[in-house]
Amino acid sequence: MEPLYLDHFTLRVPSGELGRLHDFYARVLTLAEGPRPDFSFPGHWFYIGERPVIHLAGNAPPDEPAPPAGLPTGRFNHVSLRWRGLAATRAHLSACAVPWTEATVPGAPLHQLFLHDPTGLMIELTFDAAELAQAGAPGR
C-alpha cells in the first residue's frame, strides 16, 4: 500500500449555484477548467496542471437544507492548495474584493492565505515561507 496524494475534492451543490462557484474558481483562483466526463448532471472540473483537482457537481436537490450558519462544512474545516506568487495573489484577491487572512506556520517554512468560496468552504493557499521575505509582511 502506498498513499500518493490528495486527488481532488467535490462540491455538491444545486445546479443554480454553479455559476457563482465557476466564477470563484476560474476568476478568483485562476484555475483552468478542463475536460469532464459526460455525467447526467451539470458541473465543472478545474485543473492544476494535468490534474482535475476541484469537481463542481450540480446534482444537489434545490430544496436540500443549507448547512447551519457558521458551520457550512460541518467538521470538515478546509482544503489546502499549494500555491506560488504570494505578492501577486494578495494583489489579485484585493482586486477581486475577496477578503482573506494569513498566517505563518510556527516552526515550518510555510505561509498561508485563508479565504472562503461562495458556499463558505475555507480554502487555504499554502506558500513557501521564503516568499514572505519578498512579498513583505502580511497586509491584512
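This is a predicted model: local features need pLDDT of at least 70, side-chain atom pairs count only at pLDDT 80 or more; totals for chains, interfaces and linings use all residues.
## Basis of the model

Local features are given where pLDDT is at least 70, side-chain atom pairs count only at pLDDT 80 or more, and totals for chains, interfaces and linings use all residues. Residues are numbered from 1 along each chain as its sequence is written, and side-chain values use heavy atoms, with hydrogens and water left out.

## Helix α1

Helices (DSSP runs of H or I, at least four residues) and strands (runs of E, at least two) are numbered from the N terminus.

After the helix comes T30, which has a positive phi near 55°.

Strands count as paired if DSSP finds at least two bridges between them, and an open sheet of 4 strands has the order β1-β4-β3-β2, with mixed pairing. Because β1 and β2 stand at the edges with a single partner strand each, one side of each is left without a neighbour in the sheet.

Strand β4 runs parallel to β1, to which 4 bridges join it, and antiparallel to β3, with 6 bridges. L56 of β4 is the bridge partner of L11 and also stands opposite H44, while A57 stands opposite G43. Of the 7 residues of β4, 5 are buried. The hairpin of β3 and β4 has 2 residues between the strands, and G49 takes a positive phi near 65° there.

Terms used
Buried means under 20% relative accessible area, exposed over 50%, partly exposed in between (1.4 Å probe, protein chains only).
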